[in-house]
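Subject: Structure handover

Hi,

Here is the structure I promised to pass on to you. Have a look at it first, and then read my notes below.

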Amino acid sequence: MSDAPILDVRNLEKTFGLLVAAHDITVSVPAHQTVGVIGANGAGKTTFINMITGHLTPTKGSIRFEGADITGLPSRDIVRLGISRSFQVAQIFPTLTVFENMAVAAAIAQRKPGLFGNIATPVRSAATDAAADAAIDLFQIGRYRDVVASALPQGVRKLLDIAMAVAGAPRLLLLDEPTSGISIEEKFDLMNVVMAALKTRKITVLFVEHDMEIVATFADRVLAFYDGTVIADGTAHQTLDDPRVQELISGVRLKAGAHA
Amino acid sequence: MQSRASLFGGLALLIAAAAAAPFVPPWMLSLATIAFANALVVLGLVVLWRVGLVSFGQALYYCIGAYVVALSARWTGFTDAVALVLIGGIGAGVVAALIGFLLARYREIFFAMLSLALSMILYGVLVKTESLGSTDGFSVETPTFLGYRPHGAALGLTLYWLTLAVDAVAALAVGLYFRSVAGALAAPIRDNEIRVEFLGVSVTGIIHTKVIIAGILGGLGGALAAMSIGHVDPNMAYWTTSGGFVFVTVLAGSGYVAAAFIGSLAFEALRSFAYDVIPQFWQMTLGSALLLTILFLPDGLGSLVTRLKRRRAVKS
Amino acid sequence: MLTAFAILTDGLVYAAYLFIVAVGLTLIFGVMKILNVTHGSFYAFGAYGAATAVGIYSNADWPAAVGFLFMLALAMAIGLVMGLILERVLLRVVYGKDEVIIVLVTYATFLILEDVVVLIWGSQSYAAYQPMVAAGNIEIGELVLSNYDIVLVALAASVAALAYWSLKYTRYGRLLTTVIYDRETAAAFGINVTLVFTVTFVIGAMLGALGGAVMAPKISVTLGIGVEVIVLAFAVVAIGGMGSIEGALVGALIVGICRAAAVHLVPQVELFVIYGVMALVLVVRPYGLFVRAQPRKI
């Protein structure tokens, strides 16, 4: 593991015509630090993630991953380099079963990228099947192994989405609202499973969340977004107790179950 | 999905089809040859259908394959069938590779329309080319087979067996492709392209590959058809020709490779029957058959087989 | 100079014809997201109906203008009935299915209707040139223009103006625009989307039939005219953008002028030009000239 921060973002900006979705974002994340990202809708959090994962190209600024410049690269190249993401709305394959979903992800992870690798590698093999089952166990969704994905409850969909995202052994994982759509009782269970799994795989995590309790519980460090830029950056308690953050994002004072 | 059982089943069908040939009247053999040639185009469409794309322009490659054969004989006197089929397939494949850069970026209706437009461009060019006989086209010289020059019934048989051989190789190759990562990603891409892209795969690249495969198969089919029909004309690139191939694809479904061949045979038989018995209503017959298939058997004839299998599995 | 003028006038006339045919298609696609291959049948039935109408009024010896209007009216009535029957009987069954499946259904219907034409009118060709002859010509310098063509252009312009005005200023037009933008939201606001679909399809059918009717005097009404026109209409709609009336107008003009230029200058590329332009436009603007790209999905 090099000394370079796993993620180094400098002066990042994204405009759509006249709309400035994100500006002046400078963040450096060391490996294995769990970062929480909070902010109201439209504050630029998803734009930030989309730029890091290559879905959007920044208008200005740079993004470095483990020292290498990845600014503007397409998503598939960034994924191959070791950054992966999950989605606010779980992106899974609805007509396939949970196992088949994972098997696809495992097969893709185990092949050599490129035309030849795609055609020459059989999609099913003992190795990929084993990897798929291992992932299903790690994320504790074995109960649903043979259920078609369109029939899954929301929590399992989210877990499947995340499980697929880590099939390729990424070193950095970005979670976009991992607990959105999950009932309050189940949020903590989900995050416990996810964080334990990611720790086992030694993956650095950056997650966007609206639930302040979740953020306080699981994040080492919290970034607060407002109006397209980062207005607070510190430990969970530093950021969450920051009066500006409380005024603009989380509400008056941090209470149990506070939401932004 | 290709399994050992279906591999043996396909082989058995193939041998039966080859062995039956000498006992079948020449007009029927000719019909079967054309059907099995067209089946290659359909197989290409199946490759695309599995990833959720319908091309209304496969006639482009069909026509390229056909004209490669016809022009080669006309301009250079070269008539070797085996070589010409390969050249036809490769030629069409090259065109598909070039077109694919553009086409692979499109989906759904736009993919269908752009492929249609491209095939109509070829049609337009051919119709206005006097030296190629414009709408009348021109005839194809009798093919030879690595030095062997058959006539009459022997010619029909040889051409038929060559078509079956090409079919067998194509079916095997496509079956293997379906088991590879690229082939198996069809359903996931159709389900959720973004997810596939974010797993590190170039979706455009995969679709480009499929366009090329479909193009090669179209060219092979056109080359064989041209030799069997003995004539080429611009109509081979017309959108209704593409429509016919799509028809068979719907009829066959995308589940089994063999369905493309059986479906194509059924279609030619139906069309022949309709032409002979009710010539004023053959379009109505086809249209009704297509409609009924779409409404009641949307996954094609192949899905009947799947249903039978499931029922057997439940019983046992 | 004369050639340039000839290209312009020919182009305009061809564009007028294309627009009338294509506008119904783009309307149906915009509102219902259906690429309706059966549109070719509406055109064919309109043309054959017009031929029949011309036969009727020629024998009855009506004045040309009345006869012309009768011809248009009959064609549109045919379109109305066909559109109504098809929408209620057939399309209802396939709403909600995959776009491509619906295209195949309309294609199958088109094939069936091609033979229905033979059932009704037989396989011989019909001539319906009387309105064209009756209208006469005018001469502008060295150029001879058919008055019928001028009427055609005027008709197309009227249809365009009517379409534009009703979409913007009538209540129904604005309902339609809402449904084009987002069917679900429109339904959530209480708009009777089912009714909108039926009315739209019927209007589209009538416009298609109208296209066939106005062209009947200029062509030989024979088997297969639907087949040719459908793919031309697609090209126009693809260029302009599916669901856009302005797009259909601009697309028709582009195709019309390009084709006229080809016919006069380089006849060999006449057919190539139309589809070449379509391919070119789709490369640069995949959704056509007047339709915006899709919004972000994740």
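A word on terms before the notes: helices (H or I, at least four residues) and strands (E, at least two) are DSSP runs, numbered from the N terminus. Please keep in mind that this is a predicted model, in which local features need pLDDT of at least 70 and side-chain atom pairs count only at pLDDT 80 or more, while totals for chains, interfaces and linings use all residues. Residues are numbered from 1 along each chain as its sequence is written, and chains are lettered from A and ligands numbered from 1 in the order in which they are written.

Let me begin with chain C. It has 12 helices and 2 strands, and from the N terminus its elements follow the order α-α-α-α-α-β-β-α-α-α-α-α-α-α. Its radius of gyration is 19 Å, close to the 19 Å that the globule rule gives for 298 residues, so chain C is as compact as a globular protein of that length. (The radius is taken over C-alpha atoms, and the rule is 2.2 Å times the number of residues to the power 0.38.) Of the 298 residues in chain C, 53% are buried, meaning that 20 or more other C-beta atoms, placed from the backbone, lie within 10 Å of a residue's own.

Strand 1 (residues 137–140) and strand 2 (residues 143–146) of chain C run antiparallel and are joined by 4 bridges; strands count as paired if DSSP finds at least two bridges between them. C:I140 has C:L143 as its bridge partner. Between the strands there are 2 residues, and C:G141 takes a positive phi near 65 degrees.

Now for chain B, which has 14 helices and 2 strands. A compact globule of 316 residues would have a radius of gyration near 20 Å, and the 19 Å of chain B agrees with that. Here 55% of the 316 residues are buried.

One helix pair in chain B is worth a look. Helix 4 (residues 81–103) and helix 10 (residues 203–229) of chain B pack at about 145 degrees, with their axes 7 Å apart. Axes are lines fitted to C-alpha atoms, for helices over the stretch in contact, and angles run from 0 to 180 degrees between N-to-C directions. The residues of this contact comprise 17 nonpolar, 10 polar and no charged. In this count, Ala, Val, Leu, Ile, Met, Phe, Trp, Tyr, Cys and Pro are nonpolar, Asp, Glu, Lys and Arg charged, and the others, Gly among them, polar.

How do chains B and C meet? In total, 36 residues of chain B are in contact with 35 residues of chain C, where contact means C-beta atoms, placed from the backbone, within 7 Å. On the chain B side, helix 5 (108–127), helix 11 (239–252) and helix 13 (282–296) each give two or more residues, and helix 5 of chain B supplies the largest share, 15 residues. That side has 27 nonpolar, 7 polar and 2 charged residues.

Finally, chain A has an open sheet of 6 strands in the order 6-7-8-3-9-10, with mixed pairing. Its edge strands are strand 6 (83–86) and strand 10 (229–235) of chain A. Strand 7 (residues 172–176) and strand 8 (residues 204–208) of chain A are parallel, over 5 bridges, and A:D176 stands opposite A:V208.

Best wishes

Notes: Contact = placed C-beta atoms within 7 Å. Buried ≥ 20, exposed ≤ 12 C-beta atoms within 10 Å, placed from the backbone.
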